[in-house]
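Q: Could you walk me through reading a nonpolar core and a helix pair here?

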Amino acid sequence: MSDRYAVMGNPVAHSKSPQIHTRFAELTDQALTYGAVHVESPDFETEVGRFLQGDGKGLNITVPFKERAWALAQWRSERAERAGAANTLYRLEDGRLAADNTDGVGLVRDLRDNHGVKLAGARVLVLGAGGAVRGVMHPLLEAGVGSVLIANRTVSRAEELASLFTDEGEVSACGFDAIPAEAFDLVINGTSASLQGELPPVPAAVVAANTACYDMMYGAEPTPFCQWAMDLDAGRVIDGLGMLVEQAAEAFSVWRGVTPETASVIDQLRASLDTK
Ligand code: NDP
């Protein structure tokens, strides 16, 4: 029997993770299977235990269970600890349940390595203060960004989140209406507004000719945020497909000790979105 992996969530049927990890396994010549496991909320902890035994070697965790995965773990990487959420579970050699969070490193690699966005010293505006934003804060600050302003619809959530990271760098918070009308080097949309076809109310002045705009969401069509950034002639406009593939590559590397090549997988996934 080959080693088994899966993504666990609810809903999970739409997940691209099986397609991505199966391709990684082919590219790196690893014998494994990767599926999708839909779990009902009360069963999450039991199902994790059931999966991670014998040849069940690793799980990716998606909505709405990332915080519960974090809480369940008996060991956490520093980036998972700081994220307060886990997207990657596996067992240590002594049998303890280990949690990691690879979302933030996925974003950093996509920005810096795939798209050549300079992070060192960058002035960054982050829109949103939910789980995804919390997950990327430590890796962004670790990558040396100069400052991060977190703007959120619910200002108190932005303030709470900023306070968790002020020990790591220059981090502040505000509501959308208090965003300064000045250009940033990088604007990241970490809200789920695009899911509703909406755009957070952000002043156009935050985008200049050399601003990189990144939406953590992605789709066959440009997201409302990406379209807005293109209309403003932003220097770079990037959606979250690369982040998705890069976070998967890091999880694969944590489990298997080999880092797969990602460029062809991103291209393939993009092509499959375009044809749907
Ligand atoms: P959460 O539900 O934890 O947070 C949602 C955030 O979006 C909150 O800050 C919320 O504001 C804000 N928001 C929701 N609707 C609107 C709106 N209409 N206008 C303005 N702000 C709004 O979600 P997550 O943090 O888990 O996910 C955020 C996004 O990131 C999702 O689109 C998800 O798909 C994407 N993501 C992408 C990944 C990738 O690999 N590419 C990985 C992880 C996430 P408030 O606090 O006021 O409610």
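Predicted model: local features only at pLDDT ≥ 70, side-chain atom pairs only at ≥ 80, totals over all residues.

Q: Which residues of the largest nonpolar core touch the most other members?

A: Residues are numbered from 1 along each chain as its sequence is written, and side-chain values use heavy atoms, without hydrogens or water. A nonpolar core is a set of buried (under 20% relative accessible area, 1.4 Å probe, protein chains only) Ala, Val, Leu, Ile, Met, Phe, Trp, Tyr and Cys residues joined through side-chain atoms within 4.5 Å. Here, Leu111, Ile150 and Ile188 touch the most other members of the 30-residue core.

Q: Which element gives the largest share of this core?

A: Helices (H or I, at least four residues) and strands (E, at least two) are DSSP runs, numbered from the N terminus. The largest share, 5 residues, comes from α6. Apart from this core lies another, of 22 residues, among them Val12 and Ala248.

Q: At what angle do α5 and α9 pack?

A: Two packed helices are described by the angle between their axes and the distance between the axes. Axes are lines fitted to C-alpha atoms over the stretch in contact (heavy atoms within 4.5 Å), with angles from 0 to 180 degrees between N-to-C directions. For α5 and α9 (residues 241–256), the angle is about 120° and the axes are 7 Å apart.

Q: Which residues of α5 meet α9?

A: Among them are Asp103, Leu107 and Arg109.

Notes: Buried < 20%, exposed > 50% of the residue type's maximum accessible area, 1.4 Å probe, protein only.
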